[in-house]
Amino acid sequence: MKILGYLLCSIIIGLKYDAVLGQQNPSISYITKQQYANIGDTIDLHCSVHYASQYPVLWVKIDDKGQNSIISSGSSQIIPDQRYSIRHDEASSTYTLQITKVQKVDTGLYQCQVIIGSSSKLTEDSWVSVRIPPIILDNSTQTVQTTSGAKVFLQCYATGYPEPKVSWRRENNDILPTGGVVYRGNILAIHNISKHDRGTYYCIADNGVGKGARRHVGVEVEFAPVVYIPKARYRQALGYDMDLYCQVEAYPEPSILWLKDQHQIFDNQREHFITTFSSESGFLETKLRVAEIEEDDYGVYTCKAINKLGHDQKFITLEESYQIECPPVCGLTGSSSTFHSHSILMICWSLLLSVLLSKTSDILSHIL
């Protein structure tokens with residue numbers, strides 16, 4: 001009987017051993033390796049398994065610190081997020097994780113896991129990369145104010161996915177201090193900056209997602225005044241008005257003085273009127289009107305501009321003319337009591353010539 005019992009046990013053990021040997025081990029036959037998506041998209045992650053009907057199949061998200069967040073187990077969703085859903089196709093034994101309205105936080109590592117035992121599991125990784133439009137960071141340069149001759153660095157940094165590429169341009173596509181109309185790189189260096197380098201620069205970040213990002217950077221360069229004059233010599237008849245013009249380029253805005261014989265001229269002083277305004281070209285335009293010119297108004301005038309970095313000046317000569325200059329005088333607007341004798345003589349000659357021409361015309365008409 002004992003021998004019969006031993007034989008029976010041996011047969012049973014052998015049958016169990018053969019059954020274990022005949023059982024197939026579970027495996028992951030397919031996984032979505034990489035998914036790229038834009039904000040708002042819908043994506044599907046597929047995981048196909050074989051011989052795993054008796055084992056839990058999980059979708060898990062793993063954060064940067066290695067912490068696991070179980071999204072689903074089998075066909076049951078664990079995380080109560082309406083953007084997640086899980087589908088199980090029994091024919092192919094595929095577990096599909098769908099994520100709708102994709103957000104930036106969905107970027108990362110997802111893992112399909114088949115749990116074999118308390119300390120044993122099969123895993124395959126699936127990466128989700130969410131394309132993020134460029135955003136220019138706050139540590140980028142916003143404005144610069146410097147002095148002529150200094151070295152300036154314009155910096156621009158951006159985040160996004162894929163990593164944005166940064167380039168620089170000037171307003172109206174003006175030539176950059178580095179040459180050309182485009183500079184590629186995060187840092188635009190301007191050596192020995194001058195007044196010609198001032199203006200608006202654009203930092204442009206682009207990664208092919210959306211319209212890219214742009215930030216304008218204002219560059220202001222302080223420099224000493226430079227005075228320009230359209231004419232160095234003006235002529236006008238005694239008793240009439242004349243305007244003297246002067247242009248100034250400077251930053252900070254300068255004080256502008258008009259002088260004659262080293263004495264400052266003030267607005268509305270002895271028939272002198274001063275007007276100053278900014279032009280569209282960025283210059284300060286100043287005009288000195290000498291009204292009803294007298295003898296002592298002829299001579300050399302000085303247009304002078306001063307700021308904290310220096311000064312500049314130009315000289316303008318006002319001379320007597322025996323003709324009335326137009327503009328600014330395009331009519332008899334002067335005081336008749338101050339006519340110079342030469343001016344009166346020219347007017348008389350003009351009237352006499354007009355009379356003679358009229359008489360000659362009458363005589364010729366009678367003859368013909």
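Predicted model: local features only at pLDDT ≥ 70, side-chain atom pairs only at ≥ 80, totals over all residues.

Reader: In which sense do β11 and strand β18 pair, and over how many bridges?

Author: Strands of a sheet pair through backbone hydrogen bonds, either parallel or antiparallel. Here β11 and β18 (residues 213–228) pair in the parallel sense, over five bridges. Strands are DSSP runs of E, at least two residues long, numbered from the N terminus, and two strands pair if DSSP finds at least two bridges between them. Residues are numbered from 1 along each chain as its sequence is written, and side-chain values use heavy atoms, with hydrogens and water left out.

Reader: Which residues of β11 lie on its covered face, and which on the uncovered one?

Author: In a regular strand the side chains alternate between the two faces of the sheet. In β11 (residues 143–147), V144 and T146 form the covered face, whereas T143, Q145 and T147 form the uncovered one.

Reader: What is the strand order in the open sheet of four strands?

Author: The order is β1-β3-β8-β7, with antiparallel pairing. At the edges are β1 (27–31) and β7 (84–89), each of which pairs on one side only. Between β7 and β8 (residues 94–99) there are six bridges; R87 has T96 in β8 as its bridge partner.

Reader: Which residues touch the most other members in the largest nonpolar core?

Author: A nonpolar core is a set of buried Ala, Val, Leu, Ile, Met, Phe, Trp, Tyr and Cys residues joined through side-chain atoms within 4.5 Å. Buried means under 20% relative accessible area, exposed over 50%, and partly exposed in between, with a 1.4 Å probe and protein chains only. The largest core has 23 residues, and V49, W59, L97 and Y110 touch the most other members. Strand β3 gives the most to this core, four residues. A second, separate core of 20 residues includes L244, V248, I293 and Y301.

Reader: Why is L257 classed as partly exposed?

Author: Because its relative accessible area is 21%, L257 counts as partly exposed. L257 sits in strand β21 (residues 255–260). Leaving aside neighbours within four places in sequence, L257 is in contact (heavy atoms within 4.5 Å) with Q264, T302, C303, K304 and I306.
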